Amino acid sequence: MKYSGGEVMKDDMYYQEAAYRMLQAMQSTSTSPVNKNARELSYGENGVLSCLSFRTEGVTAGELKDMLGIGASGVTNLLNALEKKGLIRREISLEDRRKIIVHISESGLSIVRHKQEEMVSFIKETLIRLGKEDTEELLRIAEKISVIDHQSYIE
């Protein structure tokens, strides 16, 4: 389908406005009880715990740096804070004694599981209010968004 210059401009303005509306809607959910409770830990600390919760074999600080997209000193600060809180533990690698492997502790895993349960409960209540038809539409769109490659916009 071909568009005239005016139609392309209207479409661009529509999507720009839609993007602002989406951002506003997403920000309004930041006041949910789930997000308030998540503030007990910093955003970075939550990110580290989330990454570690999926990696039972542990990860190196370098791997965390790459997964989170932050600098080495940032990872070190996060790991120091989490270790002080008893939420992670560091072990010397048996294969390469120069490497330190980071593992989530039972306390850290308990926090992650608790937050996941809170999030599921909050989302469930929201979906109930949406109803089945709108929930299915939201899921269809969210799943479609999840496969769109946004890498070119990040770099």
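Reader: In which helix does E106 lie, and is E106 buried or exposed?

Author: In this predicted model, E106 lies in helix α6. Its relative accessibility is 62%, and the threshold for an exposed residue is over 50%. E106 therefore counts as exposed.

Reader: How far apart in space are E106 and I88, C-alpha to C-alpha?

Author: Along the sequence, E106 and I88 are 18 residues apart. In space, their C-alpha to C-alpha distance is 8.3 Å.

Reader: Where is S105 placed, and is S105 buried or exposed?

Author: S105 belongs to the loop between β3 and α6. Its relative accessible area is 12%, whereas buried means under 20%. S105 is therefore classed as buried.

Reader: Which backbone nitrogen does the side chain of S105 reach, and which residues does S105 touch when those up to four places away in sequence are not counted?

Author: The side chain of S105 comes to 3.1 Å from a backbone nitrogen, that of G108. With residues up to four places away in sequence set aside, S105 touches G86, L87, I88 and R89.

Reader: Where does K85 sit, and what is the C-alpha separation between K85 and G108?

Author: K85 is located in the loop between α5 and β2 (88-92). With a relative accessible area of 43%, K85 is partly exposed. Leaving out residues up to four places away in sequence, K85 touches E40, L41 and E45. K85 and G108 are 23 residues apart along the chain, and their C-alpha atoms are separated by 9.0 Å.

Reader: Which residues of the largest nonpolar core touch the most other members?

Author: Nonpolar side chains tend to be buried together in soluble globular proteins. The largest nonpolar core in this model holds 17 residues, and those touching the most other members are V48, L49, L52, L64, L79 and I88. The elements giving two or more residues to this core are α3 (43-53), α5 (72-84), β3 (100-104) and α6 (106-130).

Reader: Which residues does L49 touch, not counting residues up to four places away in sequence?

Author: L49 is one of the buried residues of α3. It also belongs to the group of core residues that touch the most other members. Beyond four places in sequence, L49 touches L41, L82, L87, I88, I104, G108 and V112.

Reader: Against which elements do the buried residues of α3 pack?

Author: In α3, the buried residues are E45, G47, V48, L49, C51, L52 and S53. These buried residues pack against β1 (59-60), α4 (61-68), α5, β2, β3 and α6.

Reader: Which residues form a nonpolar patch on the surface, and how accessible is M119?

Author: The patch consists of M119, F122 and I123, which together have about 260 Å² of accessible area. M119 is found in helix α6. Its relative accessibility is 42%, so M119 counts as partly exposed.

Reader: What pattern of helices and strands does the protein chain follow?

Author: The protein chain contains eight helices and three strands. Read along the sequence, their pattern is α-α-α-β-α-α-β-β-α-α-α.

Notes:
Residues are numbered from 1 along each chain as its sequence is written. This is a predicted model: local features need pLDDT of at least 70, side-chain atom pairs count only at pLDDT 80 or more; totals for chains, interfaces and linings use all residues. Side-chain values use heavy atoms; hydrogens and water are left out. Helices (H or I, at least four residues) and strands (E, at least two) are DSSP runs, numbered from the N terminus. A nonpolar core is a set of buried Ala, Val, Leu, Ile, Met, Phe, Trp, Tyr and Cys residues joined through side-chain atoms within 4.5 Å. Buried means under 20% relative accessible area, exposed over 50%, partly exposed in between (1.4 Å probe, protein chains only). Contact means heavy atoms within 4.5 Å. A polar contact is a pair of N or O atoms within 3.5 Å; within protein, one must be able to donate a hydrogen and the other to accept it, and residues adjacent in sequence count only if both atoms are side-chain atoms. Patches are made of residues with over 30% relative accessible area and no salt bridge: like charges are joined within 9 Å, nonpolar side chains (Val, Leu, Ile, Met, Phe, Trp, Tyr) within 5 Å. Accessible areas come from the Shrake-Rupley method with a 1.4 Å probe; for residues, only the protein chains shown count as cover. A salt bridge is a side-chain nitrogen of Lys or Arg within 4 Å of a carboxyl oxygen of Asp or Glu.
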